[in-house]
There are 2 protein chains.
Amino acid sequence: METLKEIQDFFHNGYVDYRPNLTVDCAIFGYHGGELQLLLVKNKVFTKWCLPGGYVRKDENLDRAAARITAERAGLENLFLKQFKTFGEPGRNSPRSVDGDKLLELTGIRISEESWLTGETASVGFYSITDMVNANPKADFLSSECRWFSIDQLPPLGFDHDEMVREALFTMRMHLYHFPIGKNLLPAKFTLKEIRQFYEVMSGKQLNASNFPNKLISLGLIVKLDEKRNIGAHRSPTYYKFDDEVYEGALSEGLVLV
Amino acid sequence: METLKEIQDFFHNGYVDYRPNLTVDCAIFGYHGGELQLLLVKNKVFTKWCLPGGYVRKDENLDRAAARITAERAGLENLFLKQFKTFGEPGRNSPRSVDGDKLLELTGIRISEESWLTGETASVGFYSITDMVNANPKADFLSSECRWFSIDQLPPLGFDHDEMVREALFTMRMHLYHFPIGKNLLPAKFTLKEIRQFYEVMSGKQLNASNFPNKLISLGLIVKLDEKRNIGAHRSPTYYKFDDEVYEGALSEGLVLV
């Protein structure tokens, strides 16, 4: 759905291939060099900043819908997306919140009264964490902008997306204790201080300088390399790397980082 | 929807008050005296054991839908229900899996071809934990049975409910580390050994006999009473109770039991 024509097709006929009143919204967290940010799109019709989202096709599962929607709406491919919560408060996106005249003016689209497109949706929330430096978000036709915001300086969001972001952050931070994280976000080799600082940014908490890395080592998640960072004769810290097998196993099985 | 008439009304007219193709399914865990069980209903139409579930009304949110559905389908009121995951694999409940002839024979209901009721649903999974002794599950008209099964001896379930139960258990066990649990499941006063054994049953894991209770104490979640269980002069263990304020705060704010 990258062109106006495809969007028009969706609203006029294509919506029959989609599940009625079900959407996916995606909280994409960006990390780089000690900073945590969030990707937002500014919708031309609602003129508010929102999470990128869209309808779910009947022939795709929710994971694939989230992957397709982040690719179409924000230009981001190959994200590792995880569900965090589904939102269905009555009134969360009442048809009145959508400015029909503006949609018509922008796209030539008029939504038929009988279509389920005039009804409210429930929305399945997904989150992902990506390296901001390798991600190049692009706005689609429906958005005027698409960019990163520092997690501490988010603008007010449309619909119930403020609540979605709070829930996404809560679940992402809970998952830090139960799934491995850091591959593709940290360099291939890193010091114990670097991985601790990474976890501190992600969790928003101070961590114990020795207990925390020791736990990662005792789980077998990270292993010591026979190599030190050269920063002077005495205090050169040793490099570590992730153990691929343990990491992949814990991604599917889970772990308890306690 | 406790009577046949109400069920007929739902399928013939009432469904317009419901969100198209969206359901809620509930994994109700029962705990008592060191045993973890799961509540299942045996559906008369599909003739398989399933989690109790149902459609979501347009005028209720997902939490209220889950509470209403567990009351209607299984007779359980006032459960504390939490979302764990939403399921939307194409084919998870294809119309072909529903035996239309049997539904007609049982209820006099014939579903119109144009109705969204012939389409697949996405289903929002909720879980709850209740004391089996105080819960008296009752089957509704659509079920031939409704009863507890030991978590280690579940029958094969209909649709994708085997996967739902695995995901519900995984999330419930992850939440053990992030939300308080035990009120209404443990007696008002309990020994450290009792609360540890309770957590061992819930988590399916052995826990350290001193580190684990010490962590609960240091979080302020449980407090020592000036009272001992009288089981002999020397080894009478001290009673503890939950701190109501810390418990309620942690229910809404979360905690990290690490």
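## Briefing: the A–B pair

Chain A puts 32 residues in contact with 32 residues of chain B, where contact means heavy atoms within 4.5 Å. This is a predicted model, in which local features need pLDDT of at least 70, side-chain atom pairs count only at pLDDT 80 or more, and totals for chains, interfaces and linings use all residues. Residues are numbered from 1 along each chain as its sequence is written, chains are lettered from A in the order in which they are written, and side-chain values use heavy atoms, with hydrogens and water left out.

**The interface**

- The size of an interface is often given as the accessible area lost when the parts come together.
- Here chain A and chain B bury about 2,300 Å² between them, with 63% of it on carbon and sulfur atoms; buried area is the accessible area (1.4 Å probe) that two parts lose on being put together, summed over both.
- On the chain A side, the residues losing the most area to chain B are A:Arg19, A:Thr86 and A:Met174, which together account for 19% of what that side buries.
- There are 2 salt bridges between chain A and chain B, a salt bridge being a side-chain nitrogen of Lys or Arg within 4 Å of a carboxyl oxygen of Asp or Glu.
- A:Arg64 forms a salt bridge with B:Glu89, and the closest N and O atoms sit 3.9 Å apart.
- In chain A, at least two residues of the side touching chain B come from each of β1 (18-32), α2 (62-74), β5 (82-87), β6 (122-131) and α4 (161-175). Helices (H or I, at least four residues) and strands (E, at least two) are DSSP runs, numbered from the N terminus.
- That side of chain A splits into 14 nonpolar, 9 polar and 9 charged residues. Ala, Val, Leu, Ile, Met, Phe, Trp, Tyr, Cys and Pro count as nonpolar, Asp, Glu, Lys and Arg as charged, and the others, Gly among them, as polar.

- A:Thr86 lies in strand β5 of chain A and is buried, with a relative accessible area of 2%. Buried means under 20% relative accessible area, exposed over 50%, and partly exposed in between (1.4 Å probe, protein chains only).
- The side chains of A:Thr86 and B:Thr86 are joined by a polar contact of 2.6 Å.
- Leaving out residues up to four places away in sequence, A:Thr86 touches A:Ser123, A:Val124 and A:Gly125 in its own chain, and B:Leu62, B:Gln83, B:Thr86 and B:Val124 across the way.
- From A:Thr86 to A:His234, 148 residues along the chain, the C-alpha atoms are separated by 52 Å.

**Chain A overall**

- Chain A has 7 helices and 9 strands, and its C-alpha atoms fill a box of roughly 70 × 35 × 30 Å along the principal axes.
- Of its 258 residues, 52% are buried.
- Take the contacts in chain A between residues at least 6 apart in sequence: 75% of them join residues at least 24 apart.
- A:Asn230 is in the loop between β8 (222-228) and β9 (238-242), and at 71% relative accessibility A:Asn230 is exposed.
- Helix α7 (residues 244-253) of chain A is capped at its N-terminal end by A:Asp243, with a side-chain oxygen 3.0 Å from the backbone nitrogen of A:Glu245. After that helix comes A:Gly254, with a positive phi near 85°.

**Cysteines**

- The structure holds 0 disulfides over all chains, taking a disulfide as a pair of cysteine sulfur atoms within 2.5 Å.
- For A:Cys50, the closest cysteine sulfur is in A:Cys146, 12 Å away and so too far for a bond. A:Cys50 is buried, at 4% relative accessible area.
- For A:Cys146, the closest cysteine sulfur is in A:Cys26, 12 Å away and again too far for a bond. A:Cys146 counts as buried at 13%.

**B:Arg73, a buried arginine**

- B:Arg73 is in helix α2 (residues 62-74) of chain B and is buried, at 12% relative accessible area.
- The side chain of B:Arg73 reaches the backbone oxygen of B:Gly53 at 2.9 Å and makes a polar contact with the side chain of B:Ser143 at 3.0 Å.
- Beyond four places in sequence, the residues that B:Arg73 touches include B:Val41, B:Asn43, B:Pro52, B:Lys138 and B:Asp140.

Conventions
Polar contact = N/O pair within 3.5 Å; in protein donor to acceptor, adjacent residues only side chain to side chain.
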